[in-house]
Amino acid sequence: MKKTMKMTKKLVTLILAIAMVFAMTACGSGNETSEGTTYKVGICNYVDDASLNQIVENIENQLKVVGEAEGVTFDVKVQNCNADQNVMEQIISEFIGDSVDLMVGVATPVAMNMQAATEENQIPVVFAAVSDPLSVGLVDSLEAPGANITGTSDYLDTESIFNLILAQNPDIKKIGLLYDKGQDSSATPIKAAKEFLKSKNIEVVEATGTTVDEVQLAAAALVDKKVEAVFTPTDNTIMTAEYSIYETFNDAKIPHYTGADSFALNGAFLGYGVDYANLGVKTADMIADILINGSKPAETPVLTFDNGTATINTETCEAIGLDYDEVAKLFEPFCTKVQSIKTAESFDELEE
């Protein structure tokens, strides 16, 4: 009898051990806790600006919502490299050392560095706000990325912005292009802008900068050359400097047309492009799908968005001598939505 009982205990112990192995395996990646599975997510933001910060905030908020609904926990660590390559590489190395389950690269430079750093360890990477993932070689195609990376794109429809410029000033003769030559996100839209303006016989004046001081000088140079409007794509360097240059353009009565609503928040006449809050939410949904459902980044299509929202700064509109209602009416046929905003350094200020 004792021998039988010992055998029974051993059998029960073996069965329990096997059951635990199966239970842990069924959970997939992540760490098992008393409250359920915990997934470690490392987010690196490229620079401190209103659009990118809005993306990060909405990723965090949406992961909390999904986590509560699915009974899992997302342990999210957010870092900002402030456009410093060495800091960026250090942050990515820390994420790898911490054995994160997934990394998020906000903006093109971070995404590219994360892709290179995960070729061997195969940690999934989800990018956010990469303007042209095809041209920089992040993915093979938008439908089938082909590598261990996917994400959301804030691709800019450049021609649509110039349609707005021509709607407001049909007889315009000279347009300034303000951007950072080192920003991958600017390369394609600037090329498209030059081609469009050449086809319309409109003179192009280029001004570039890589620091806030250089951008301020570039803005002043465009004023001196008497451009009638200025275009900037989704360029993070110019975005960072916008709050310090918008009055330069306002004083000269020059409208600054840009590729994101955060520029308009910081004083530019108009920001045209995607809803970055929504982009953050959709990025979080992709993260959750990969971690919880086991979706493969290589087979998850890159998500793109409608570029049709025009955000007009009403204070700047008045400062440069335009009437908001009249401008909005002109822009409506070319946009899915026209909305207004006032000048502030961050979106949080508008909510206070």
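A contact here means heavy atoms within 4.5 Å of each other. This is a predicted model, where local features need pLDDT of at least 70, side-chain atom pairs count only at pLDDT 80 or more, and totals for chains, interfaces and linings use all residues. Residues are numbered from 1 along each chain as its sequence is written, and side-chain values use heavy atoms, with hydrogens and water left out.

**Exercise 1: the overall picture**

Work out what share of contacts between residues at least 6 apart in sequence join residues at least 24 apart.

Solution. 
- Start with the parts: the protein has 13 helices and 13 strands. These are DSSP runs, numbered from the N terminus (helices: H or I, at least four residues; strands: E, at least two).
- Now the contacts: among those between residues at least 6 apart, 72% join residues at least 24 apart.
- Then check burial, which means under 20% relative accessible area with a 1.4 Å probe, protein chains only. Of the 352 residues, 49% count as buried.

**Exercise 2: the nonpolar cores**

Find which residues touch the most other members of the largest nonpolar core.

Solution. 
- The largest one holds 66 residues, and the top four for touching other members are Ile 55, Phe 74, Leu 178 and Ile 287.
- Helix 10 (residues 276-293) supplies the largest share of this core, seven residues.
- Zoom in on Leu 178: leaving out residues up to four places away in sequence, its contacts include Val 215, Leu 222, Phe 231, Ile 245 and His 256.

**Exercise 3: the largest pocket**

Say which helix gives the most to the lining of the largest pocket.

Solution. 
- A pocket is an open set of points on a 1 Å grid over the protein atoms alone, where a 1.4 Å probe fits, with protein on both sides within 12 Å along at least five of seven lines; lining residues have an atom within 4 Å of a point.
- The largest pocket has a volume of about 400 Å³, that is, the space filled by probe spheres set on the points, with grid points joined across faces, edges and corners.
- Its lining has 18 residues, and Ala 50, Asn 53, Glu 345, Ser 346 and Phe 347 lie nearest the centre.
- Helix 2 (50-70), helix 8 (236-251) and helix 13 (347-351) each give two or more residues.
- Helix 2 gives the most, with five.

Technical notes:
Buried means under 20% relative accessible area, exposed over 50%, partly exposed in between (1.4 Å probe, protein chains only). A nonpolar core is a set of buried Ala, Val, Leu, Ile, Met, Phe, Trp, Tyr and Cys residues joined through side-chain atoms within 4.5 Å.
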